[in-house]
Amino acid sequence: MTTLLRRELGDVLRERRRAQGRTLREVSATASVSLGYLSEVERGEKEASSELLASICGALSLPLSQVLIDVSNRMAESEGLAPTVSLPVPSGDVVSASAA
């Protein structure tokens, strides 16, 4: 079975919202998105535009980049790949790596 990006994205958004103890109604009002549409996004039935996704992430006080990392890791796992690992890098330092 093929994993759909919109389903993984919806799952991540739903998990994060529930972890905050928030309802669909609260988040939809804060994000200025209809309750029904947010529900469809969370269920993976609708593709969220970048503007809508940014609004939902803002309502959840989540960086869009972190949501996308979580979705990417879930996709990698479903494809049988190892998820990416983020390593902290002090700002100002130049880091280079080679796979060779």
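This is a predicted model: local features need pLDDT of at least 70, side-chain atom pairs count only at pLDDT 80 or more; totals for chains, interfaces and linings use all residues.

Residues are numbered from 1 along each chain as its sequence is written, and side-chain values use heavy atoms, with hydrogens and water left out.

**Exercise 1.** Work out what helix 5 (residues 64–78) should span at 1.5 Å a residue.

*Solution.* Start with the terms: helices are DSSP runs (H or I, at least four residues), numbered from the N terminus. The expected span is 1.5 Å times one less than the number of residues. For the 15 residues of helix 5 this gives 21 Å, and the end C-alpha atoms are 21 Å apart, so the two agree.

**Exercise 2.** Find which residues of helix 5 are buried and what covers them.

*Solution.* Buried means under 20% relative accessible area, exposed over 50%, and partly exposed in between (1.4 Å probe, protein chains only). The buried residues are Val67, Asp70, Val71, Asn73, Met75 and Ala76. Their cover includes helix 1 (5–19) and helix 4 (50–59), where contact means heavy atoms within 4.5 Å.

**Exercise 3.** Look at the phi angles of serine 32 and serine 61.

*Solution.* Most residues other than glycine have a negative phi. Serine 32, though not a glycine, has a positive phi of about 55°; its place is the loop between helix 2 (24–31) and helix 3 (35–42). Serine 32 counts as exposed because its relative accessibility is 69%. Next, serine 61 also has a positive phi of about 55°, and lies in the loop between helix 4 and helix 5. With a relative accessible area of 66%, serine 61 is exposed.

Technical notes. Helices (H or I, at least four residues) and strands (E, at least two) are DSSP runs, numbered from the N terminus.
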